[in-house]
Amino acid sequence: RHFANKKALIDAVLDQALASLHTDGCGDTPRERIVGKLIAFRGLVRANPYLGPAIMSRRVSSERGLQFIRAQVDLLAAMGLDGERLVRCYHALDTITIGSAVYDYSAGPGPLSDCQTQYRALGIDGFDAAARDLDSMAAMADEAFRVSIHAVLDAFTARPDGDLGPAVVTLTT
């Protein structure tokens, strides 16, 4: 009765959830702040696994969703990105962030449990060790996410000549 329709209700839930992502104290540099924001988003989906699909389908109609996107774009611009390079970098980060959060955490522990089963079925020592329990699976997935976002940021900021082609990037964690 308090919402005009189901869409309005979902938008209100998303706005409330995304309001928790104010991560202003997560770093001194634009890079540290954007990494902090993306990790916070991933944590939001992990803590609220049924939000993932809703965020994927409704984030553009959510005012907080748009604010979150604008904040990321502003941070990328502060890192010196503009034009097509800024758009491509944002899109790559968005794809990795939402995709990995939904892949790893949507609908509860099921996705990580499925991945754990897959890793064990391979019969390879390193995969068996990573799959020893769901906590180690989550830690591995979170580390892979952090490495991925740094790799994207490195790839788009390492080539100041404007070339959008591949760059040789050294990854650090």
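Q: To begin, is Arg146 buried, partly exposed or exposed, and at what relative accessibility?

A: Arg146 counts as partly exposed, because its relative accessibility is 31%. The cut-offs behind that label are simple: buried means under 20%, exposed means over 50%, and partly exposed is in between. Keep in mind that this is a predicted model.

Now look at the partner of Arg146. Glu143 forms a salt bridge with Arg146, and the closest N and O atoms are 2.9 Å apart. Both residues sit in helix α8. They are three residues apart, which is about one turn of the helix. Glu143 has a relative accessibility of 29%, so Glu143 also counts as partly exposed.

Next, move to helix α1. Here the side chains of Lys7 and Asp11 meet in a salt bridge, at 3.2 Å from N to O. Lys7 and Asp11 are four residues apart in α1, again about one turn of the helix. Lys7 is partly exposed because its relative accessibility is 43%. Asp11 is at 8%, so Asp11 counts as buried.

Another pair reaches across the chain. The side chains of Asp154 and Arg31 meet in a salt bridge, at 2.7 Å from N to O. This pair links distant parts of the chain. Asp154 lies in helix α8 (residues 134-157), Arg31 lies in helix α2, and 123 residues separate them. Asp154 has a relative accessible area of 15%, so Asp154 is buried. Arg31 is at 22% and therefore counts as partly exposed.

There is also a network. Arg42, Arg46, Asp104 and Asp142 are linked in a network of salt bridges. A search of the whole structure finds seven salt bridges.

Now for the setting. The protein has eight helices and zero strands. Of its 173 residues, 36% are buried. The crossing of α2 and α4 is left-handed.

Helix α4 also meets helix α5 (residues 83-105). Their axes come within 10 Å and cross at roughly 130 degrees. That makes α4 oblique to α5. This crossing of α4 and α5 is right-handed.

Key. Residues are numbered from 1 along each chain as its sequence is written. This is a predicted model: local features need pLDDT of at least 70, side-chain atom pairs count only at pLDDT 80 or more; totals for chains, interfaces and linings use all residues. Side-chain values use heavy atoms; hydrogens and water are left out. A crossing is left-handed if the near helix is turned anticlockwise from the far one by less than a right angle, and right-handed if clockwise. Helices (H or I, at least four residues) and strands (E, at least two) are DSSP runs, numbered from the N terminus. Buried means under 20% relative accessible area, exposed over 50%, partly exposed in between (1.4 Å probe, protein chains only). Axes are lines fitted to C-alpha atoms, for helices over the stretch in contact, and angles run from 0 to 180 degrees between N-to-C directions. Angles under 35 degrees count as roughly parallel, over 145 as roughly antiparallel, 65 to 115 as roughly perpendicular and the rest as oblique. A salt bridge is a side-chain nitrogen of Lys or Arg within 4 Å of a carboxyl oxygen of Asp or Glu.
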